[in-house]
Amino acid sequence: MRNKIVVRNIIVFIGVVALCVISGKDFLRMHKPDPISTSNPGISEIVMLSEYSPGLKGTAADTEVYILRGEKPGGKFLILGGTHPNEIAGMLNAVCYIENARVESGTLYIIPRANNSGYTHTCPLWGMMDIIDFQLPDGSVREFRVGTRLTNPIHQWPDPNYYYGNSGRELKHSEVAEIRNLNRNYPGDVNGTLTEKVNYGIFNLINTEKIDIIYDAHEAGPEFLRVNYLIAHEKAMSVGSMAVMNTNLQGHPFAVDISGATSYGLSHRALGDNTEAMATLFETLNPAQGSRRTKMSRELVLGGFDKNYVEITNRGLLSSGELTEAGISINERTANHMVMCRELMNAFSESNPDRPIIVSNMPSYDDFINKGLENILQPINS
Amino acid sequence: MKRNKIVSILLLVAMTFSIVLTGCGDKKTTEAPTSSPGPTTQETSATNEQSGKATRYTSKETPFVTLNGELKKYESPFYLTSVGQSADVSMLDALMKKVGAEYTYNATAKASDLKDVKTVIIATGASSKGLGAAGISAEDEKARASELLEYCKENDITVIMAHLGGVSRRGKLSDEFADMVLEYSSGIVMVEDGNDDGKFTDFASRKNIPITLINTIADCIEPLKIIVGK
Amino acid sequence: MGVLYYIYRGIAVVLCILTLWELFKEKSIIRSISLGLVSVPLILRALMIK
């Protein structure tokens, strides 16, 4: 009888392990990096962030830095995508620049997956879609992981109950997990936590390469009060305001706000205070990040449509993240980031005519809307 | 015992069923949903007497309208400053550059900075972030504004109030700053969204000063060209 | 972090052995399934922490 029980339980154990292996494949897929096409002749060099933060070498947080140098000297622009991996338009904007941009003067530094560890997991209980895909005209499929805003706890563990790092921000109570949030730990620490090492790498890159403008690409749910806002450090307000004004003239409903003096650890405050660069951050609207959304679906994540938020908008309950029946597709959100980057470069060039940043070959806003990312992303070179 | 087992099994089935129901959609590669159209244009609000909202004058077709008089050229030299330290003063600075105006800009200007100035354009709107970045409190800002405005009155400097933040720059502190500047203003330029309750049009009517309402902040370019004589 | 990490790994291994021991000798099938479904993924996840 006892042997029968043991045999039965061994069968249960094998069944459970089989379930874990089958479902584990989905989780382990998240650890496989998404390839980015390097066929663009505009790419001059690809380096790893560990060159600027040695403690990242060999870790899951080490990430690629794509450098696109123009033939003529000029200003230097850093595009950060994937600071929060679930904010997909930011990453896709960076990828579109990597795969299409030709720099005529100046230099672009692009980090498409700033928090690389964050791409290896999704947030528990949010039910966020883990992978999105685009079918290209040649039949190939480009897949991108969605991830979540924090470093994976299997890469950085444990979360202490209280932390006070170089950022000057006290992480305690409800902010304990923010020790794994890249956008709360600038300027970072070369010997700090894994996330702080990433922060330090970016901070060191900015100082070493003498970056002129930082563009940190984000998305936010409809409840966020500063959707479609460019948040600028005071050093960046003049260029940022000019850029936003130019987007307004093109019909985009963007606005600018100043970085809060107590926004410790955030890129626009901490990098603006601790480097010579002009630090900016832009938020596009992503209804999938809202807490009042309906069931997660492809229509929500890529189409940006959610009937709950349309109803909430119609009742006049939102101040900046309003949503219409047309939704806000991933194409439009990525295009918004592209436009904001472009106008920041133009505004910088206007204010610094001796150090222009001139980029060509980027699809226009209308190209993003009418042709879609399927026709802007490049096939992966073999 | 048997009943407990049945209850446990039913609970397990119910939990499994609920997990299946809340799972993600399928990952089959299909065409992405149709992209949404280009930038949405601002629709003209219809007049709604029942809601108590002010009449809407501007629209995409009518980007700016001046009530209670004409928008005219003001005398230079021009000075641009802020009361409230909102980001709107930076946007106004960008607009003035776009227009090619000659002016001096200082968001935290003191009364003594206005020597020899003939017209000062004040962007109003409270921002705790802006005040924090400037290192001043709301009370300090009110004191600075009061001194600045009194200086303008004593030295015949024309004050034009610019309220470009729309409805997001309406609130207790923003309105306090706006009220201070209104008392000294000879003209108002504002995004019409910020006048939903008719506060500014009513004031302009009472004081008989021109008020230029604009549809969006980008529509401020033409009125500014007139003001600075470009 | 180094010492804490090794202490944690040690505790995880001990818990793993104890859990599997409990699982294999559990008389009730419902409890053995529940023990397996909850514990095994947790143990696997704990072992993934670097």
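Is A:Arg8 buried, exposed or partly exposed, and what count of C-beta neighbours inside 10 Å decides the matter?

**Entry 1: setting up**

I noted that this is a predicted model, in which local features need pLDDT of at least 70, side-chain atom pairs count only at pLDDT 80 or more, and totals for chains, interfaces and linings use all residues. I kept to residue numbers that run from 1 along each chain as its sequence is written, with chains lettered from A and ligands numbered from 1 in the order in which they are written.

**Entry 2: A:Arg8**

I counted 15 C-beta neighbours inside 10 Å, so A:Arg8 is partly exposed. The cut-offs I used are 20 or more other C-beta atoms within 10 Å for buried, 12 or fewer for exposed, and partly exposed in between, with C-beta atoms placed from the backbone. I found A:Arg8 in helix H1 of chain A, residues 2-29. Helices (H or I, at least four residues) and strands (E, at least two) are DSSP runs, numbered from the N terminus. From A:Arg8 to A:Leu300 I read 44 Å, C-alpha to C-alpha, at 292 residues apart in sequence.

**Entry 3: chain A as a whole**

I looked up the division of chain A and got domain 1 (1-30) and domain 2 (34-375); the bounds come from an automatic or database domain assignment. The C-alpha centres of these two domains of chain A lie 41 Å apart.

I listed 9 helices and 13 strands in chain A. Its radius of gyration is 21 Å, close to the 21 Å of the globule rule for 382 residues, so chain A is as compact as a globular protein of that length. The radius is taken over C-alpha atoms, and the rule is 2.2 Å times the number of residues to the power 0.38. The C-alpha atoms of chain A fill a box of roughly 85 × 50 × 45 Å along the principal axes. Buried residues are 57% of the 382 in chain A.

**Entry 4: chain C**

I found 2 helices and 0 strands in chain C. Here the radius of gyration is 13 Å, well over the 10 Å that the globule rule gives for 50 residues, so chain C is more spread out than a compact globule. Its C-alpha atoms fill a box of roughly 40 × 15 × 10 Å, taken along the principal axes. Of the 50 residues in chain C, 12% count as buried.

I then picked A:Ile258, which sits in strand E11 of chain A. A:Ile258 is buried, with 27 other C-beta atoms within 10 Å. Leaving aside neighbours within four places in sequence, its contacts include A:Met237, B:Ala87, B:Lys129 and B:Ala133. A:His233 is 25 residues from A:Ile258 along the chain, and their C-alpha atoms are separated by 6.0 Å.

**Entry 5: a sheet in chain B**

I traced an open sheet of 7 strands in chain B, in the order E1-E7-E6-E5-E4-E2-E3, with mixed pairing; two strands pair if DSSP finds at least two bridges between them. Strands E1 (64-67) and E3 (103-105) of chain B are the edge strands, each pairing on one side only. E1(B) pairs with strand E7 (residues 211-214) of chain B in the antiparallel sense over 4 bridges. B:Leu67 stands opposite B:Ile211 in E7(B).

How values were computed. Two residues are in contact if their C-beta atoms, placed from the backbone, lie within 7 Å.
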